[in-house]
Amino acid sequence: MDDQTRAVFAENLGRLVRTRGNIAQVCRRLGINRQQFNKYLSGRHVPSQSNLNAICNFFRVTYREIISPDMEVPELRHPATGDQLLGLDEELDLADAAAP
């Protein structure tokens, strides 16, 4: 990843995190050390391929989207009601409800 792409990635990652509560919650859900995650947010480091895949899956974006300067932040919607979900807590409740 070149410097410009890394900066765009860091900015977009920050935007995505803000839609899901706080950094600590996101790190716990992803299983990524907060210190390392902060390096991704600052643009000092890029995630490994496995962490990048986990980040993209968690936020429901593709690699192309997360490195795009004009990335649109996806809205979280409850699949049954269509209601907008605002943060990580709602997503966790939804995941718990969907579990068998």
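In this predicted model, the largest nonpolar core holds 18 residues, and the members that touch the most others are Leu 13, Phe 37, Ile 55 and Phe 59. H4 gives the largest share, at five.

Leaving aside residues up to four places away in sequence, Phe 59 touches Leu 13, Leu 16 and Val 17, along with Arg 20, Val 26 and Pro 74. Phe 59 also turns up in the contact between H1 and H4, where Leu 52, Ile 55 and Phe 59 of H4 meet Phe 9, Leu 13, Leu 16 and Val 17 of H1. Sorted by class, that contact has seven nonpolar residues, with no polar and no charged ones. As for geometry, the axes of H1 and H4 lie 11 Å apart at an angle of about 40°, which makes the two helices oblique to each other. Their crossing is left-handed.

H2 and H3 make another pair. The axes of H2 (residues 23-30) and H3 (residues 34-42) come within 10 Å and cross at roughly 115°, so the two helices are roughly perpendicular. This crossing is right-handed. On the H2 side, the contact involves Ile 23, Ala 24, Val 26, Cys 27 and Leu 30, which meet Arg 34, Phe 37, Asn 38 and Leu 41 from H3. Here the classes come out as seven nonpolar, one polar and one charged.

Notes. Residues numbered from 1 in each chain as written. Predicted model: local features only at pLDDT ≥ 70, side-chain atom pairs only at ≥ 80, totals over all residues. Heavy atoms only, no water. Axes fitted to C-alpha atoms, helices over the stretch in contact; angles between N-to-C directions. Helix = DSSP H or I, 4+ residues; strand = E, 2+ residues; numbered from the N terminus. Parallel < 35°, antiparallel > 145°, perpendicular 65-115°, else oblique. Left-handed = near helix turned anticlockwise from the far one by under 90°. Contact = heavy atoms within 4.5 Å. Nonpolar A, V, L, I, M, F, W, Y, C, P; charged D, E, K, R; others polar. Core = buried A, V, L, I, M, F, W, Y, C linked by side-chain atoms within 4.5 Å. Buried < 20%, exposed > 50% of the residue type's maximum accessible area, 1.4 Å probe, protein only.
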